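User: I'd like to learn how to read a few features off a model like this one. Can we go through it together?

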Amino acid sequence: TPEHLKEIYDFAVQLAKDAGKMLMDGVEARCGDDSTPSTQQEHVEKDSSVDIVTQTDEDVEAFVKDQITKKYPSHDFIGEETYSKGSSRDYLITTAPTWCVDPLDGTVNYTHLFPMFCVSIAFILDSKPTIGVIYAPFLNQIFSACSGQGAWLNETRRLPLIRNPVPPMPEQAPKGCVFSCEWGKDRRDVEDGNLYRKIESFMNMAGEIGGRGGKGGMVHGVRSLGSATLDLAYVAMGSFDIWWEGGCWEWDVAAGICLLQEAGGLVTTANPPEDPATTAIEEVKLGSRLYLAIRPAGPSATETGRQSQ
Ligand code: IPD
């Protein structure tokens with residue numbers, strides 16, 4: 001029921017705040033001050049030297065999981081670190097009510113004290129992200145959304161931030177857009193596999209690569225924050241126009257998908273259509289690992305012109 005969802009939403013927001021505080025406690029311990037010595041943040045490599053986990057990832061996930069299983073014992077739980085430890089489930093998201101959690105997205109940023117890290121908590125119903133809460137404690141930004149209730153920054157500002165009216169996409173998009181994508185963890189030179197390839201392919205989508213004079217498909221900028229979750233939050237905010245990523249896991253995107261959809265943006269699996277003649281946009285499916293997100297956009301000048309004729 002809506003009341004039940006509201007209760008779960010409030011619980012998720014509080015849980016994200018508590019988890020974010022744990023992340024900041026880890027930051028404080030590392031920084032120390034003139035009277036307290038700083039501690040080291042050790043990390044362990046998982047599948048590769050760029051796939052790392054810290055004690056904080058594990059502590060935060062254990063805390064979040066414990067709180068959820070106490071409050072909602074019948075719900076399923078999927079967390080990045082729990083999964084890494086050898087879950088045997090191939091297909092992660094079922095139709096059961098499921099919590100999908102990344103205790104620390106942007107682990108590399110966290111270990112380097114770059115502020116782009118967050119905790120991401122999603123509640124999934126019938127395989128659809130229904131509640132999403134993302135908290136970036138170093139930035140003091142909490143993003144939250146519940147199906148049908150809109151998307152919010154710090155619980156007071158509705159997303160997208162510019163909304164009266166929401167600006168259209170640039171007429172010649174992706175010219176004039178800010179495009180974001182990530183390095184990911186697989187650095188081999190394979191299709192969709194690394195940042196060079198993603199940018200090159202995106203530029204090709206844009207047609208002619210503009211020269212200095214700004215011809216063709218010149219994007220305004222390309223960004224790589226080091227947190228797929230925050231990328232999606234900034235697409236929902238309207239700061240990034242386009243995000244495209246291959247290789248994400250469910251916990252990287254579940255909360256962000258809910259946030260973006262509630263903000264009125266678009267997220268799709270970015271897979272080539274089975275029927276090349278179709279123009280239908282494929283509904284996003286968790287587990288696709290390949291995603292394309294477009295910010296909330298008002299009608300273009302052409303559409304407005306058409307409507308008023
Ligand atoms: C990673 C970050 C990174 C993205 C990877 C993610 P983690 O998550 O979001 O930006 O490129 O695909 O797995 O390991 O920091 O939680």
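User: Does P115 count as buried, exposed or partly exposed, and why?

Analyst: Keep in mind that this is a predicted model. The idea is to count C-beta neighbours: 20 or more within 10 Å means buried, and 12 or fewer means exposed. P115 has 18 inside 10 Å, so it counts as partly exposed. It sits in the loop between α4 (107-112) and β5 (118-125). Leaving out residues up to four places away in sequence, P115 touches F138 and L139. Its C-alpha atom is 8.0 Å from that of A136, 21 residues apart along the chain.

User: What about the ligand: which residues are closest to it?

Analyst: The shell holds 17 residues, and D105, T107, E182, G184 and A228 are the closest. By class, that's five nonpolar, six polar and six charged. Strand β4 (residues 98-105) gives the largest share, three residues.

User: And where does the ligand lie relative to domain 1 and domain 2?

Analyst: Check who contributes to the shell. Domain 1 (2-158) and domain 2 (178-298) both do, so the ligand lies between them.

User: How do I read the five-stranded open sheet; what's the strand order?

Analyst: Follow the pairing: β11-β10-β12-β14-β13, with mixed pairing. β11 (221-223) and β13 (266-268) are at the edges with a single partner strand each, so one side of each has no neighbour in the sheet. On average, neighbouring strands are turned by 15° against each other, ignoring direction. Helix α6 (residues 228-237) packs on this sheet, touching β10 (178-180), β12 (242-246) and β14, and its direction makes about 155° with that of β12.

Note on methods: Residues numbered from 1 in each chain as written. Predicted model: local features only at pLDDT ≥ 70, side-chain atom pairs only at ≥ 80, totals over all residues. Near = placed C-beta within 6 Å. Helix = DSSP H or I, 4+ residues; strand = E, 2+ residues; numbered from the N terminus. Nonpolar A, V, L, I, M, F, W, Y, C, P; charged D, E, K, R; others polar. Domains from an automatic or database assignment. Contact = placed C-beta atoms within 7 Å. Pairing = 2+ DSSP bridges. Axes fitted to C-alpha atoms, helices over the stretch in contact; angles between N-to-C directions.
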